[in-house]
Every structure is written in C-alpha cells, then in structure tokens.
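Dear colleague,

I am handing over the structure we spoke about, and my notes on it follow below. Please read them with the model open beside you.

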Amino acid sequence: MDNEKSGEILPQSGSEKKATVRSSSFFIEGEAVGKLKIYEVDRAYTDYLRKFDDRIPEEKAHIQAKTRKYVGLLFEINSCKYFAPLSSPKKKFKTMKNDKDFLKIEGGRYGAINFNNMFPVHDDAIKNYNINAEPDKKYQIVLKKQAIFIRKNKDNILRNARELYDLMTEDNEEFKSERSRLEKRCCRFKLLEEKSKMYGSSLSKV
C-alpha cells in the first residue's frame, strides 16, 4: 500500500523510543508520538489569525506561478492542535543554520519546517491533503521527500516544537535572552490559542 497516498507518515518499524516532552502530554492525532500527518489549513483561517498576529505568513500567490496551499504538520501541545508550516526549498537555506525555531529538511534541499510560524489551528480549518493528488509534480516530489524526512526524524521534530513552545510561553528568567532573540520572529502562541477558540463563533456571525 502507498502510505503517502493520503499524506500520512507512519512510524518506522522496529523498536522506537517515544519523544520525552517533560511532564506535559504530547499527542499527534490522538496517538502519543504514533504518527505525523501532512495537512492543509484553510486560507480564511490564516487570514483570520493574521488580524491578531502579522507573523502568520501570507501565501505569495503574486510571486508563484500557482497558489501554494498552506501545507504542514499537525500535532498537539497541551490539548491544543498546532500546525507547523512546511517551506519549499529556497537558495538561502543553504547558508542558514538549524535553530530552535527552524529545521532544514535534508540540509535545505527539500525545504524546511518553520517552527517559528507554527500556530494553533481550529478543527473547522483543518483539511486533509492528498500528496499524490498535487497537480504540481515538482512540488509533489518535494512533499514526498519531506514526508520521508519527517517520518525518520519525528521524535526530534516534536521535541523541537515543544521546547520552542515552552521557551516562548514560560516566564523563565534563565532563558530571557534566548526568548528575546526569538520573539520577533515567532508567533504569539498564547494569544493565538485564545483567538483560535473564537474562530467558530466568529464565522457564525458573518
């Protein structure tokens, strides 16, 4: 069976240790570090969040020949679903270094995971994504390479996401300078969590 057909990334076979994520529960689609899946997020939702945080990146349809969907990873932190966007390959990635909020995929050859741009996502905005149905064949190949990398490195990916979240949301004097360095480029997680909860009700008023 082709496991990439639905965008799903299944665990590797054999014994595999689960990521240690402090005392908090960390689940992916209801299963503790069981599997990661690539999803699409509705553009109306990202437009909504951008009203409260301009760090939510915009789709650059005027630059790209085809409008890219908001594709990324879905996981859960403290009972809140989070979405981390996947970036396509860029020349600048070759010289950039991995950081707490940024992880290159195969050295940047197949893009990167932008943890700084991860944001809470409302159930109404989550859309299943079929990699094999992607009409842009070059982009489809990139997505499949990204899926392989994610499957192999899922524990580290989840740990990075959790550690960045804790760093940016906990008032710890020990990490104040590090938090200050990153806060200009990271989304405002706590604020967006509150706004995400209000998304369904905001739609009903339209």
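Predicted model: local features only at pLDDT ≥ 70, side-chain atom pairs only at ≥ 80, totals over all residues.

Residues are numbered from 1 along each chain as its sequence is written, and side-chain values use heavy atoms, with hydrogens and water left out.

For the protein chain the mean pLDDT is 79, and 74% of its residues reach 70 or more. Over residues 1–34 the pLDDT is below 50, although this stretch has 77 contacts in the model beyond near neighbours in sequence.

As to the overall fold, the protein chain has six helices and nine strands, which are DSSP runs numbered from the N terminus (helices H or I, at least four residues; strands E, at least two). Of its 206 residues, 45% are buried, where buried means under 20% relative accessible area, exposed over 50%, and partly exposed in between (1.4 Å probe, protein chains only). Among contacts between residues at least 6 apart in sequence, 71% join residues at least 24 apart.

In helix α5 (residues 189–197), the buried residues are F189, L192, E193 and S196. Seen down the axis of α5, these buried residues fall within an arc of 110° (taken from the directions from the helix axis to the C-beta atoms), so they line one face of the helix. In helix α2 (residues 137–152) you will find Q146, which is buried with a relative accessible area of 1%. Leaving aside residues up to four places away in sequence, Q146 touches L86, S87, I105, Y110 and G111.

Turning to charged pairs, the structure holds 13 salt bridges, each being a side-chain nitrogen of Lys or Arg within 4 Å of a carboxyl oxygen of Asp or Glu. One of them joins the side chains of K81 and D123, at 3.3 Å from N to O. This pair links distant parts of the chain, with K81 in strand β5 (residues 80–87) and D123 in the loop between β8 (119–120) and β9 (126–128), 42 residues apart. K81 counts as partly exposed, at 26% relative accessibility. Another joins D99 and R181, at 2.9 Å from N to O; here D99 lies in the loop between β5 and β6 (102–104) and R181 in helix α4 (residues 176–182), 82 residues apart. D99 is partly exposed at 25%, as is R181 at 35%. D171 also forms a salt bridge with R179, with the closest N and O atoms 3.9 Å apart; D171 counts as exposed at 70% relative accessibility, whereas R179 counts as buried at 12%. Salt bridges that share partners join D99, D101, E178, R181 and R185 into one network.

What of the cysteines, and how many disulfides does the structure hold? There are zero, a disulfide being a pair of cysteine sulfur atoms within 2.5 Å. For C186, the closest cysteine sulfur is in C187, 7.5 Å away, which is too far for a bond. C186 counts as buried, at 1% relative accessibility, and C80 is buried at 16%.

Notes. Contact = heavy atoms within 4.5 Å. pLDDT = per-residue confidence, 0-100.
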